Amino acid sequence: MRRLLGDARGRLLAGALGLTLLTLAAPRLPVTGQRVEAVVVVDITGSMNTRDEHLDGKPVSRLDKTKAALRALAANLPCGSRLGLGLFAERRTFLLFEPIDTCADFAALDGAIAGLDWRMGWEGDSRIAAGLFRAIALAGELGSDLVFVTDGHEAPPLPARGGPAFEGKPGAVRGLIVGAGGHALAPIPRYDDRGREIGFYGPEDVPHENRFGPPPPGAETREGYNPRNAPFGGVAPRGTEHLSSVRETYLRGLAAETGLAYVPLDDPAGLAAALTAVATTRPRPVLLDLRPWLGAAALALLLVLFGLLPWRARLGGAVSRLRHGA
């Protein structure tokens, strides 16, 4: 042992061996870290079935891309972070479970996200603003931040006077509105009562105008207009509500109104960084794992022993031969 430790190579080998043994036995240290806690609410209405997103080079629905992004979010957040999960349909937000640890409860969280399906919806309408405001109230009651994933497609369309006003305090709940979907109009898949796809929605299948409240400006020029009996005109309007795209301008407006940040659903792996940048970090007890650091130190010593020292010896020999040759 004295001869081993008396040589530089022996000390490096002994150090690497000692660090390796510590790696096998080192306990995790309890420390306090700053972590994220958020409730994720997913829009599961019909337009989220539109296949205008891509994953691994293949076209997928907005809902499938959302699930991949949320599974990556749970995996990329550091241990001690907490995520809850909720659904949005019609005008309501339904909480599946309160925030749980992304590491200790990863299997349950990942399985719940993978199981999200449009068939869980309880109504066909999609009143985005109302659902978002309810989700903000829910996150506030839980003391959490919010991630609200939607394409922003209101169904039926907003009335001429606009959507409901936000009555909360902007910025009281922090978080993200995540816009799902492409910018070009795409057909929305249609399903029968048994959940089988039977084609796409056509212009005659959906309302293209919301006739609640006062008519829009210029309604008096429409065919069949009557200020008392037909203030919206006498002919049903035609539009593109049977097609869908991410309503980014609308979602950015909602984000500004509520104090949330807006991000597009582009890179699923980047959602963790986007949430961390805007979320309220909270002190959480976490366990610091020293094993990666000890293992890296052992590897560094072995690289010096079997890489750097032989290289220096060969370089020194080459220099000596050159001197003798000169």
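**Exercises on a predicted model**

Cys 103 has a relative accessible area of 32% and is partly exposed. The structure is a predicted model.

**Exercise 1.** Determine which class of accessibility applies to Cys 79.

*Solution.* The relative accessibility of Cys 79 is 45%. Buried means under 20% and exposed means over 50%, with partly exposed in between. Cys 79 therefore counts as partly exposed.

**Exercise 2.** Identify the residues joined by the disulfide, its handedness, and the parts of the chain that the pair ties together.

*Solution.* The structure holds one disulfide. Cys 79 and Cys 103 are its partners, with an S to S distance of 2.0 Å. The torsion about their S-S bond is about -85°, so the disulfide is left-handed. Next, place each cysteine: Cys 79 lies in the loop between α3 (62-76) and β5 (82-89), while Cys 103 lies in the loop between β6 (92-101) and α4 (106-114). The pair therefore ties together parts that are 24 residues apart in sequence.

**Exercise 3.** Describe the largest pocket by its volume and its lining.

*Solution.* The volume is about 590 Å³. Of the 27 lining residues, Thr 45, Gly 46, Ser 47, Gly 124 and Tyr 201 are the closest to the centre of the pocket. Strand β10 (residues 189-191) gives the most to this lining, with three residues. By class, the lining comprises 12 nonpolar, nine polar and six charged residues.

Definitions and conventions
Residues numbered from 1 in each chain as written. Predicted model: local features only at pLDDT ≥ 70, side-chain atom pairs only at ≥ 80, totals over all residues. Heavy atoms only, no water. 1 Å grid on protein atoms, 1.4 Å probe; cavity = no way out; pocket = protein on both sides within 12 Å on 5 of 7 lines; lining within 4 Å. Points joined across faces, edges and corners; volume = space filled by probe spheres on them. Helix = DSSP H or I, 4+ residues; strand = E, 2+ residues; numbered from the N terminus. Nonpolar A, V, L, I, M, F, W, Y, C, P; charged D, E, K, R; others polar. Disulfide = S-S within 2.5 Å. Buried < 20%, exposed > 50% of the residue type's maximum accessible area, 1.4 Å probe, protein only.
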